[in-house]
Amino acid sequence: MESLHRSKSMESLHRSKRSDNAMPASFRPIQKQTSFRAHKAVQELTINKLHHESIGLVGREKETETLQSCLARMLVVDGHNKNDRKKEVIFLKGYSGAGKSKLADSLEPTVKKTQNGIFVRGKFDLNNKDKPYSGIVEAFGAICQKIARRLQSKKNKEGNLSDIGNEILAKLGSSAQLLVSLIPELEAILPVSDEGSLGDVSESNDYQAEQERFKYLFRVLTQVLTSHCSPLVLVLDDLQWADLSSMEVIDTLISDPQNSNPFMVIGCFRSNEVDESHVLSMQMKDWSGKKEKYGFNMTDIEVGSFGVDSVNQIIMAMLRIDDADITQRLAEICFKRTHGNPFFLIQFVAMLEETELLTFNLGLLKWVWDEEVIENETMSTSNVVDLLQARMRKLPMKMQQLLQYASCLESTFKISTLGLILKNHAIPGSKTEPEEDVLTLLPKLVLGQYFERCGVGMYRWVHDKVQEAALSLGDASTSLFQFEIGSILYHSLEARELEEALFVVVDLISKGGLQRRSEFAELNLRAAEKARTMSAFRSAAAFSSKGISLLPRDTWTTDRSLTLRLYSMGCEMELALGRHEVMEKYCSEVLSQPGLSTLEKLPIYFTKFQKLCTIDSKYEETIDLCCDVLKELGCRVPRGTSSPIKVMSLLFRTYRKAKKTPKSFFETPRLMKDPTQKAIMGFLYRLYITSIYNSSALRIVFSLCHQIELTLKYGAHDFSGSAFCMMGAVAATLGDFETGAYFAEMGLLIQQSVASKYTESLTLCAAYSALLGWTNPWQSCLAPLWKGYVCGMASGNVETALTSAMNCYCSLPYLMGKPLTSIETQCRQLVSQSEDLKLSDVIVIARMQWQSYLNLMGRSTETVRLKGTAFDCDTFTSDVPLLGAWRQAIDSNLLVFFGEFELAAELAIKRGGGYKKVLQTYFMVMME
């Protein structure tokens, strides 16, 4: 039996007995108009449309209140409590379509009401998991766009945002270019340098340093942004698909102790896709464990499905009906079909309208439906993807075509990209329809709740389930279709556009079941190199592996350069991921090629060095590798034990050569160009580092002497400045502080001509920690040491950076007589940062210093023993000479300070004076 339902407002309208003329124009009887005008009038009506905008957050009152309270807590300013937590981490978890993103968006109006607040969203993409940082890049790009628009307005010309670009550039320098390559929108808010560009970024060969550098750049960028845009709210959607590199960046941002500005991260993820072994689950446990230490709040909100009552409220809102009894039975049917999933529910009701199971009667001015018919005819609808596909198949072929094209792209896409595909690709059957361009089709698909606008020239899918349904529509999911789309983009996009869409294009082309072809192998190499610069090693390894698989069988003969680059990249990235068997396989493939020169094999040798020295700690094998490579390059290194007389002769000969060289050489040195000599310098530096670990003093001197002689003969290299400073430390160890200071000054002069922050941090640390403190006031060493810290963090040379910070904030201030309270605070912060970076030696030294200051302040039950909250000498054991030397120096200092002179003398006799030489060799502050 048919049931006709009406809202109370409509019933009252009929009972008013108003004439046709008294009714609004759009309500007058349609039969009195011409057919054309009638059709147009019906199209322009809004009363007969489903009111999606009226749904709001029906049924989410409790969750909304929790979100708003978190935001309010972050914004509270308490002048009496400087330790208030200004960072909030919120996780919205639930099934797909539960309304997590919409719930997060409920904060945007509140954030907009603040003076400088910014609310942005970023989404991780299932279709493009190999694209690193995708959600983070999208969010930060949106931040930069909003700042750029504000800067263009008169209101902010002189306002809070006017100096934001200068501040970013001042703190990051040329390293900002690395972020610009990842976030192109950032360039719009940065000032242009005199040369019209932001300069080149110097890179090190250390993949671990690259990874730390990238996290540091994001950390500094966020510090600046949050200081100008308060509060800053980042919504990261579909966090279950985030890559590991993104997780590390998120961790860096929320656990940054130096950022006390209001900052909120909202992570939305599908709880049914994240089990105990998922990387997100493990990361959340880690965040929960350290929220107290780093001062951020963490909140979990479960976003579940609706019950029948909430489903009824949504249907009432969509139909503009006030009486719950009228829609109760319809709500029960919808609940049964959709299980209360909000997104599924909305799509289900839309399907009812499109199939005319739910219609608006213009004569009666009410929605009408037959519950029995709906129940019978919708029984086969089992999931939302099937439902969406059924809706899509009723669209004109041109619209279906556009949906399939867009499904191959990311969740957010450009109109121009979609138009390019539409122009160059055709689906059978689509040509029979009237020609329509993308600008005509997109608004119709927006009206159908498939897409939504998200910026100038940009659209995005309203939900990933819609994209999933479109991808399964027709041939869109087939490898041939995706290959064709990728090929169109590869051959049609402009160079800059192709670079921005490189990961998408490579992914599409690679899905096409390609035959071995060098062109596509090189395309994968480009993607691997781009991923490597972003420290996205997993993606870089995947692209390298795919590229290698596409190489022709005779590739070492036909395209040796491409083959070598792919294997070298793959070798380094597999090492970074800890997949040593694959790395060794790649190494063997390259080293077995008889026609390769030593220079061509150099990247493989660098990777083998990294594994032997930093991972396996096989120092003798590492030294043998360095000696073998140097020998191949024409530089002979003495094996075994060399005569001390020969070594001292080499040392003093190098002293004389350096001192006879005019100062003008160091002020404006020519740069080393010869590739062989540059390679020798690189491996001499690695030999020096390994010799320190292996306590091989003779090889230390040999490697430094040869680095200096090569610099004087062939010009300055990245490692020249640090080599001069390290040679100065050798002179200081022998008691010649004047020569030590001379080499430090010359090293600093050379470093000014070398564009490498990595080696600049080494040079500054060596010069001002160990050498110039003997000849210059200690106060003059503080600023350069701070610069050494900044350079080290910006380049990923974190161990040198933290060593500079330790001397700048702990060791030198103590020697200068600064207040112990401030030194103790800085020491505690240094320990925390060292622990985050897992720098074991720096942690121990910093903790020993920290405990000594606690002893001196009377905040320990001990006086002359390093035992307390920061360090426990009874449980500490180590064979590392550096740590033993620091322990002896600090023990002696405490004994003398507390008047235990006899014990201090006994300790000195027992342990000897070797610790001073060790500390000088390691470039620490020396104490008499």
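Helices and strands are here DSSP runs, numbered from the N terminus (helices H or I with at least four residues, strands E with at least two). Angles run from 0 to 180 degrees between N-to-C directions, and axes are lines fitted to C-alpha atoms, for helices over the stretch in contact. The structure is a predicted model, in which local features need pLDDT of at least 70 and side-chain atom pairs count only at pLDDT 80 or more, while totals for chains, interfaces and linings use all residues. Residues are numbered from 1 along each chain as its sequence is written, and side-chain values use heavy atoms, with hydrogens and water left out.

Two strands pair if DSSP finds at least two bridges between them. The antiparallel strands β9 and β11 (residues 458-461) are joined by 3 bridges, and Phe413 has Tyr459 of β11 as its bridge partner. Contact means heavy atoms within 4.5 Å.

The two helices also meet one another. Two packed helices are described by the angle between their axes and the distance between the axes. The axes of α18 (residues 415-424) and α19 (residues 438-447) come within 10 Å and cross at roughly 115°. Their crossing is right-handed, the term for a near helix turned clockwise from the far one by less than a right angle (left-handed if anticlockwise). On the α18 side the contact is made by Ile415, Leu418, Gly419 and Leu422, and on the α19 side by Val438, Leu439, Leu441 and Leu442. These residues divide into 7 nonpolar, 1 polar and no charged. In this division Ala, Val, Leu, Ile, Met, Phe, Trp, Tyr, Cys and Pro count as nonpolar, Asp, Glu, Lys and Arg as charged, and the others, Gly among them, as polar.

A second open sheet has 5 strands in the order β3-β4-β5-β2-β6, with parallel pairing. Its edge strands, β3 (118-123) and β6 (296-302), each pair on one side only. Neighbouring strands are turned by 15° against each other on average, direction ignored. Strand β2 (residues 87-94) pairs with β6 in the parallel sense over 7 bridges, and Val89 stands opposite Met298 in β6. Helix α6 (residues 134-152) packs on the sheet by touching β3 and β4 (232-237), its direction making about 150° with that of β3. Helix α10 (residues 244-254) touches β2, β4, β5 (263-270) and β6, and its direction makes about 140° with that of β2.

Within this sheet, β5 pairs with β2 in the parallel sense over 8 bridges, and Lys87 has Phe263 of β5 as its bridge partner. β4 and β5 run parallel and are joined by 5 bridges, with Val233 partnered by Met264 of β5. Because 8 of the 8 residues of β5 are buried, the strand is largely enclosed by the rest of the structure. Buried means under 20% relative accessible area, exposed over 50%, and partly exposed in between (1.4 Å probe, protein chains only). In a regular strand the side chains alternate between the two faces of the sheet. In β5, Phe263, Val265, Gly267 and Phe269 point one way and Met264, Ile266, Cys268 and Arg270 the other way, and all are buried.

Helix α16 (residues 384-392) is likewise largely enclosed, because 7 of its 9 residues are buried. Among these buried residues are Gln389 and Arg391, and the buried set packs against α14 (342-354), α17 (397-407) and α20 (464-471).

Elsewhere, Ser834 is found in helix α40 (residues 820-837) and is buried, with a relative accessible area of 0%. Leaving aside its neighbours within four places in sequence, Ser834 is in contact with Leu802, Leu839, Val842 and Ile843. The side chain of Ser834 reaches the backbone oxygen of Leu830 at 2.8 Å.

For the protein as a whole, the secondary structure comes to 44 helices and 11 strands, and buried residues make up 54% of the 928 residues.

Methods
A polar contact is a pair of N or O atoms within 3.5 Å; within protein, one must be able to donate a hydrogen and the other to accept it, and residues adjacent in sequence count only if both atoms are side-chain atoms.
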